[in-house]
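Please read it alongside the sequence and the coordinates.

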Amino acid sequence: MKGALKDLNLNIVEMTDETATLDGGDVLFTGREFFVGLSKRTNQRGAEILADAFKDYAVSTVPVQQGLHLKSFCSMGGPGLIVIGSSEPAQKALKIMQQMSDHRYDKLTVPDDLAANCVYMNLPDLGHVLLHCTAEEYPESTKVFEKLKDYTLIPVANSQKVKVDGALTCCSVLLNKKSNN
């Protein structure tokens with residue numbers, strides 16, 4: 001991965017503090033700020049290193065009381081739109097995020113926490129695209145996604161990834177690359 005990122009001329013920051021832990025599944029970038037879940041896989045020192053690396057953005061920590069990490073129950077569903085699970089721990093985390101932020105985010109609440117893990121892309125020719133769980137896995141949550149207007153919705157099966165604590169965002173590295181056209 002490091003080699004691929006270097007080939008793209010991206011700045012790479014290495015965590016040299018052996019006490020620091022930071023899992024990508026605990027890092028939610030909204031486009032305006034970062035929320036970092038403090039979980040079994042991410043600690044305060046990891047969040048501090050992220051804040052040092054991205055000084056132009058606010059970085060706020062959110063305790064993860066249930067689930068593997070922050071993105072186990074939330075993700076970005078579009079510009080300014082947080083997709084959030086309906087469980088009590090997910091809703092508590094959302095409340096903390098709302099209290100810590102100067103920005104008011106829209107929210108899309110889905111009945112199933114794991115279904116809140118989705119991947120948003122703004123693609124040329126397609127516009128708003130959302131990769132989300134399938135109706136076979138989470139039928140009620142899929143109905144909520146179908147209410148999104150002006151989105152291309154792409155259901156992606158996640159049942160195999162879940163067996164190893166994986167989700168859609170675990171399999172994604174999104175890069176903002178300008179078109180040469």
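In this predicted model, Glu-88 has a relative accessible area of 55% and is therefore exposed, the cut-off for that class being over 50%. Its side chain meets that of Lys-92 in a salt bridge, with 3.2 Å from N to O, and Lys-92, at a relative accessible area of 40%, is partly exposed.

- Glu-88 and Lys-92 both belong to helix α3, which spans residues 88-100, and they stand four residues apart, about one turn of the helix.
- An α-helix has 3.6 residues a turn, so residues three or four places apart point the same way.
- Side chains of opposite charge can pair when their charged atoms come close.

**Salt bridges around helix α2**

- The structure holds seven salt bridges, and one of them joins the side chains of Arg-45 and Glu-48, at 3.3 Å from N to O.
- Because Arg-45 and Glu-48 are three residues apart in helix α2, about one helical turn separates them.
- Both partners count as partly exposed, Glu-48 at 34% relative accessibility and Arg-45 at 30%.
- Arg-45 and Glu-48 are also linked with Asp-17 in a network of salt bridges.
- Asp-52 forms a salt bridge with Lys-55, in which the closest N and O atoms are 3.9 Å apart.
- In this pair Asp-52 is partly exposed, with a relative accessible area of 46%, whereas Lys-55, at 63% relative accessibility, counts as exposed.

**Helix α2 and its packing**

- Helix α2 covers residues 44-53, and within it Gly-46, Ala-47, Ile-49 and Leu-50 are buried.
- Viewed down the axis of α2, these buried residues fall within an arc of 160 degrees, so they line one face of the helix.
- At the start of α2, a side-chain oxygen of Asn-43 comes to within 3.2 Å of the backbone nitrogen of Arg-45, the residue whose side chain meets that of Glu-48 in a salt bridge.

**A nonpolar surface patch**

- Which residues form a nonpolar patch on the surface? They are Phe-29, Phe-54 and Tyr-57, which together have about 250 Å² of accessible area.
- Phe-54 is located in the loop between α2 and β3, and at 35% relative accessibility this residue counts as partly exposed.

**Overall make-up**

- The secondary structure of the protein comes to five helices and nine strands, and along the sequence these elements follow the pattern α-β-β-α-β-β-β-α-β-β-β-α-β-α.
- Of the 181 residues in the protein, 41% are buried.
- When contacts between residues at least 6 apart in sequence are considered, 56% of them join residues at least 24 apart.
- The protein exposes about 10,800 Å², and 51% of this area is supplied by carbon and sulfur atoms.

Notes
Residues are numbered from 1 along each chain as its sequence is written. This is a predicted model: local features need pLDDT of at least 70, side-chain atom pairs count only at pLDDT 80 or more; totals for chains, interfaces and linings use all residues. Side-chain values use heavy atoms; hydrogens and water are left out. Buried means under 20% relative accessible area, exposed over 50%, partly exposed in between (1.4 Å probe, protein chains only). Helices (H or I, at least four residues) and strands (E, at least two) are DSSP runs, numbered from the N terminus. The arc is that of the directions from the helix axis to the C-beta atoms. A polar contact is a pair of N or O atoms within 3.5 Å; within protein, one must be able to donate a hydrogen and the other to accept it, and residues adjacent in sequence count only if both atoms are side-chain atoms. Patches are made of residues with over 30% relative accessible area and no salt bridge: like charges are joined within 9 Å, nonpolar side chains (Val, Leu, Ile, Met, Phe, Trp, Tyr) within 5 Å. Accessible areas come from the Shrake-Rupley method with a 1.4 Å probe; for residues, only the protein chains shown count as cover. A salt bridge is a side-chain nitrogen of Lys or Arg within 4 Å of a carboxyl oxygen of Asp or Glu. Contact means heavy atoms within 4.5 Å.
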